[in-house]
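This report covers model confidence, helix packing, a salt bridge and backbone geometry. The structure comes first.

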Amino acid sequence: MTESKINNLNNARFLTVEGVEGVGKTTNITFISKWLEEQGIPYTHTREPGGTPLAEELRSLLLTPRDEQVDATAELLMMFAARAQHIEQVIKPALEKGIWVLCDRFTDATYAYQGGGRNMGFEKIRQLEHFVQGDFRPDAVILLDLPVAVGLARAAKRGALDRFEQEAEGFFHRVRNAYLDRAKENPSRYWLVDAEQPLEQVQVQISDTLRKILAEVQ
Ligand code: T5A
């Protein structure tokens with residue numbers, strides 16, 4: 001497993017936030033956005049799958065529950081199709097202008113959900129990652145981690161479940177384990193946050209992490 005590849009373009013950083021359903025990504029991305037604003041750091045906030053009109057259409061296709069069984073390979077290729085468009089249209093242009101990119105999920109989610117959750121293994125994903133991204137990787141991955149049951153209970157409170165949220169609990173255990181394995185394999189790139197804590201404490205840990213990431217740039 002390779003270590004991080006810093007996207008050293010005008011010192012702008014590519015940050016991603018990852019975790020199982022209901023872990024608090026949306027809540028904490030709002031917090032991180034405010035933190036970046038307070039530091040006077042120019043940033044853009046985006047998400048995967050999605051982030052461009054075409055990729056958002058693919059997101060809708062991927063997340064909508066449907067009667068037809070979605071083939072795992074078709075799902076995997078759609079994730080990378082959306083990602084290719086997103087990287088070229090949004091992520092790289094922002095970094096090239098010195099704008100930090102804060103992204104709700106990226107390729108680590110593919111390793112976790114398709115590789116772990118869908119049991120596809122990691123080799124095909126590594127090949128597609130290389131094909132679509134070359135050496136391009138996030139500079140820092142903030143992994144919000146909590147027990148699956150806690151996250152699913154939080155997610156269930158939001159109402160209608162999307163196609164992924166309808167999976168059985170075992171799927172999310174495999175997703176979580178894949179994320180934790182990747183964090184162990186890439187210690188310089190992953191920042192693990194205990195998301196089971198009260199929100200205030202989660203955000204203290206995130207602020208500490210952001211200060212360390214910023215210190216690397218200055
Ligand atoms: N996917 C994605 C793949 O399979 N492969 C891929 O390659 C990619 C990129 C995308 C789906 O696509 C899949 C994974 C996903 O299933 P999504 O919208 O990114 O969907 O995923 P969700 O997990 O559904 O994201 P959400 O934004 O909807 O949920 P969050 O962000 O995890 O949770 P959030 O912030 O809405 O919080 C949930 C609830 O918990 C509370 C919040 O107030 C909220 O009510 N909460 C807390 N409560 C107590 N203590 C805390 N510390 C709390 N933090 C939050």
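## Model and confidence

The protein chain has an average pLDDT of 94, and 96% of the residues score at least 70; pLDDT is the predictor's confidence in each residue, from 0 to 100. This is a predicted model, in which local features need pLDDT of at least 70 and side-chain atom pairs count only at pLDDT 80 or more, while totals for chains, interfaces and linings use all residues. Residues are numbered from 1 along each chain as its sequence is written, and side-chain values use heavy atoms, with hydrogens and water left out.

Over residues 1-6 pLDDT stays under 50, and the model has 16 contacts beyond four places in sequence for them; contact means heavy atoms within 4.5 Å. Where pLDDT is low, the predicted coordinates should not be read in detail.

Helices (H or I, at least four residues) and strands (E, at least two) are DSSP runs, numbered from the N terminus. Axes are lines fitted to C-alpha atoms, for helices over the stretch in contact, and angles run from 0 to 180 degrees between N-to-C directions.

The axes of α3 (residues 72-96) and α5 (residues 123-133) are 10 Å apart, at an angle of about 25°. The two helices are therefore roughly parallel to each other; angles under 35 degrees count as roughly parallel, over 145 as roughly antiparallel, 65 to 115 as roughly perpendicular and the rest as oblique. From α3, Leu76, Leu77, Phe80, Arg83, Ala84 and Ile87 make the contact, and from α5, Ile125, Leu128, Glu129, Val132 and Gln133.

## Packing of α1 and α8

Helix α1 (residues 25-38) packs with helix α8 (residues 199-217) at about 45°, the axes being 11 Å apart. That makes α1 oblique to α8. Among the contact residues are Phe31 and Trp35 of α1 and Ile206 and Leu210 of α8.

The whole structure contains 16 salt bridges, each a side-chain nitrogen of Lys or Arg within 4 Å of a carboxyl oxygen of Asp or Glu. Lys92 and Glu88 are four residues apart in helix α3, so about one helical turn separates them.

## Backbone geometry

Most residues other than glycine have a negative phi, and most peptide bonds are trans. Glu48 and Pro49 are joined by a cis peptide bond, with omega about -10°. Pro49 lies in the loop between β2 (43-47) and α2 (53-63).

Arg105, a residue other than glycine, has a positive phi near 75°. The loop between β3 (100-104) and α4 (107-117) holds Arg105.
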